[in-house]
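This briefing covers the overall fold first and then a handful of individual residues. Please keep the model open while reading.

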Amino acid sequence: MQYRTLGHSGAVVSAYALGTMTFGAEATEEASHAVLDSYFDAGGNFIDTADVYSAGASEEIVGRWLARRPEVRDKAVLATKGRFPMGTAPNDVGTSRRHLTRALDDSLRRLGVDQIDLYQLHAWDPITPLEETLRFLDDSVSRGKIAYYGFSNFLGWQLTKAVHVARAHGWSPPVTLQPQYSLLVREIESEIVPAALDAGIGLLPWSPLGGGWLSGKYKRDQPPTGATRLGENPERGMEAWKARNDNPHTWAVLAAVEDIAAAHDVSPSQVALAWLADRPAVTSVILGARTKEQLADTLAAADLQLSPDETKQLTQASQPQVGVYPYGPMAQEQRSRKIEGGR
């Protein structure tokens, strides 16, 4: 397992984090604890959860595991999130001081800890003034309730604004951003990745296998069945089967992934993860697993080193389609400059 700093902070995390969205929903507590055991036995140290995962059950499962293994608590870097609804009242959602005060205290209680290492806003709040939110986070750092904070699902301008507002007030700055990012979803490279690099923000990609598509388990024009996310719900979220099946780009990316996987005698998942872990600004890739077997396969990506030619092949095959402006090649050239001058 490789280790990296958590964004521009001094905290050190494993290059692959364990996501726990399945805990309490797709995985029982017993299976979840087995996954946690396997992850730490493999050298991982970074757990990512959220209050909204299984309506708090995920945090509780992690908390009971930490209580059962106190020798791991000091080694674990614990991340959770708040922002989404945990009730039906108007103040049960958002990033206001009122809601986040309760959300953070509830997460601390469910996890059974005195401090959360990384507290993240699960998404942008268009209603709450940003200054109110950032002041709350700075206060929480000062009070020792959290060590660091970050964001999830922010756009480039939102991230940059938050960074500069925090700097202007002398408040603790954000250290991370969780975006969706994979060989099938690379649109963040136009604005969000440059914003993260500019601010020294570490990226924590979620859905690194594109909702399971990059594992190679789905076949062209064959609707999924069985105990998989899309088998149980083909119209599930952003990875819905029909839209991706109908897009030739999906199958061009999968073909490149499977070619390289065959050459290394590894799974397609490991190829997709190895490519992503090596992208600019990426601190740690968030892995989800229902079982120890799924986790073992994805964690093996830590041992896979792609060649420059293989990385180039994957990057070219997965190049996102963009318009002429402002992200097309000629528009990018307008923003570039040769140090020696000339056109």
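Contact here means that heavy atoms lie within 4.5 Å. Leaving aside neighbours within four places in sequence, Pro205 is in contact with Pro179, Tyr181, Leu276, Val282, Ser284, Val285 and Ile286. The model is predicted, so local features need pLDDT of at least 70 and side-chain atom pairs count only at pLDDT 80 or more, while totals for chains, interfaces and linings use all residues. Residues are numbered from 1 along each chain as its sequence is written, and side-chain values use heavy atoms, with hydrogens and water left out.

**Overall fold**

- The protein has 14 helices and ten strands; these are DSSP runs (helices H or I, at least four residues; strands E, at least two), numbered from the N terminus.
- The radius of gyration is 20 Å, which agrees with the value near 20 Å for a compact globule of 343 residues; the radius is taken over C-alpha atoms, and the globule rule is 2.2 Å times the number of residues to the power 0.38.
- Along its principal axes, the C-alpha trace spans about 55 × 50 × 35 Å.
- Among contacts between residues at least 6 apart in sequence, 76% join residues at least 24 apart.

**Surface and charge**

- Of the 343 residues, 53% count as buried; buried means under 20% relative accessible area, exposed over 50%, and partly exposed in between (1.4 Å probe, protein chains only).
- The accessible surface comes to about 15900 Å², and 51% of that surface belongs to carbon and sulfur atoms; areas come from the Shrake-Rupley method with a 1.4 Å probe, and for residues only the protein chains shown count as cover.
- There are 34 positive and 41 negative side chains, and the centres of the two sets lie 4 Å apart.
- For that count, Lys and Arg are positive and Asp and Glu negative, with His and the chain ends not counted; each charge is placed at NZ of Lys, CZ of Arg, CG of Asp or CD of Glu.

**The loop between β9 and α8**

- Pro205 lies in the loop between β9 (202–203) and α8 (229–232), and counts as buried because its relative accessibility is 0%.
- The C-alpha atoms of Pro205 and Gln178 are separated by 5.5 Å, although these residues are 27 apart along the chain.
- Ser207 is found in the loop between β9 and α8 and is buried, with a relative accessible area of 17%.
- Phi of Ser207 is near 50°, a positive value in a residue other than glycine.

- Ser96 sits in the loop between β5 (77–82) and α4 (97–111), is buried at 13% relative accessible area, and its side chain reaches the backbone nitrogen of His99 at 3.1 Å.
- Beyond neighbours within four places in sequence, Ser96 is in contact with Asp125, Thr128 and Glu132.
- Ser336 belongs to the segment after α14 (329–334) and is partly exposed, with a relative accessible area of 48%.
- The side chain of Ser336 reaches the backbone oxygen of Glu333 at 2.7 Å.

**Other backbone features**

- A cis peptide bond joins Tyr325 and Pro326, with omega about 10°; Pro326 lies in the loop between α13 (308–317) and α14.
- Asp265 has a positive phi of about 60° although it is not a glycine.
- Asp265 is located in the loop between α10 (248–264) and α11 (268–277) and counts as exposed because its relative accessibility is 72%.

Technical notes: A polar contact is a pair of N or O atoms within 3.5 Å; within protein, one must be able to donate a hydrogen and the other to accept it, and residues adjacent in sequence count only if both atoms are side-chain atoms.
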